[in-house]
Amino acid sequence: MSNDEFRAALARLAAGVVLITAQEPPLDEHGRGEDVGMTATAFMSVSLDPPLVMVSLRNDSRMDDLLAEQPLWAVSVLAESQRHIAGRFAMKGRISDRLLFEDIPYIRGEVTRAPLIGGALATLECRTEQRVLAGDHTLVIGRVLTADLPSAEGEPLTYFKGRYRRLG
């Protein structure tokens with residue numbers, strides 16, 4: 001089986017789209033760490049008791065490196081109307097994360113201080129419980145510390161056959 005055959009087969013699995021965020025620790029005692037964000041489709045619920053979720057991160061990516069050091073992170077479940085946010089944080093060779101967050105409404109999580117995107121269908125704040133090396137990715141399992149439903153309306157943003165899609 002080739003990599004292309006593998007990708008093509010798994011592209012037939014529809015996935016929800018989330019934005020994973022975290023705040024880098026400050027470089028000195030006077031500063032605030034930079035916010036970092038990453039679009040993910042490999043995200044899932046793992047357990048109800050205790051409440052656990054999992055995200056798959058490409059090894060040596062900026063988010064993988066950050067979450068190896070920073071145990072607190074957040075998840076914003078994106079609405080269909082937030083396709084532009086997903087695309088912005090999925091770009092390769094992108095500009096600094098600070099500029100990516102510049103015109104996006106968000107609040108800071110009370111526990112993680114990570115950005116929680118305004119208008120998201122749901123937001124979670126998490127603490128890493130376990131990291132599992134799996135091929136060229138790391139599976140990060142997080143305990144959910146807070147869960148909110150900031151937007152009561154809207155359809156989820158989904159990803160299918162290499163494109164963002166609408167349900168229905």
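Biologist: In which strand does S76 lie?

Modeller: S76 belongs to strand β6, residues 72-77; strands here are DSSP runs of E with at least two residues, and helices are runs of H or I with at least four, both numbered from the N terminus. The model is predicted, so local features need pLDDT of at least 70, side-chain atom pairs count only at pLDDT 80 or more, and totals for chains, interfaces and linings use all residues. Residues are numbered from 1 along each chain as its sequence is written, and side-chain values use heavy atoms, with hydrogens and water left out.

Biologist: Why does S76 count as buried?

Modeller: Its relative accessibility is 0%. Buried means under 20% relative accessible area, exposed over 50%, and partly exposed in between, with a 1.4 Å probe and protein chains only. S76 therefore counts as buried.

Biologist: Which residues is S76 in contact with, leaving aside its neighbours within four places in sequence?

Modeller: Contact means heavy atoms within 4.5 Å. Among the partners of S76 are V17, V18, L19, A120 and T123.

Biologist: Why is M1 called exposed?

Modeller: M1 has a relative accessible area of 80%, and therefore it is exposed. M1 lies in the segment before α1 (3-10).

Biologist: What makes β1 and β12 edge strands?

Modeller: Three strands form an open, antiparallel sheet in the order β1-β11-β12. β1 (15-16) and β12 (163-165) each have a single partner strand, so one side of each is left without a neighbour in the sheet.

Biologist: What joins β10 to β5 and to β9?

Modeller: Seven bridges join β5 (residues 52-58) to β10, and these strands run antiparallel; S56 stands opposite L139 in β10. Strand β9 (residues 122-134) pairs with β10 over 11 bridges, also in the antiparallel sense, and T123 stands opposite D148 in β10. The hairpin of β9 and β10 has two residues between the strands, and G135 takes a positive phi near 65° there.

Biologist: Where is S151 found, and how far is it from L121?

Modeller: S151 is in the loop between β10 (137-148) and β11 (158-160). S151 and L121 are 30 residues apart in sequence and 5.0 Å apart in space, C-alpha to C-alpha. Leaving aside neighbours within four places in sequence, S151 is in contact with G119, A120 and L121.

Methods:
Pairing = 2+ DSSP bridges.
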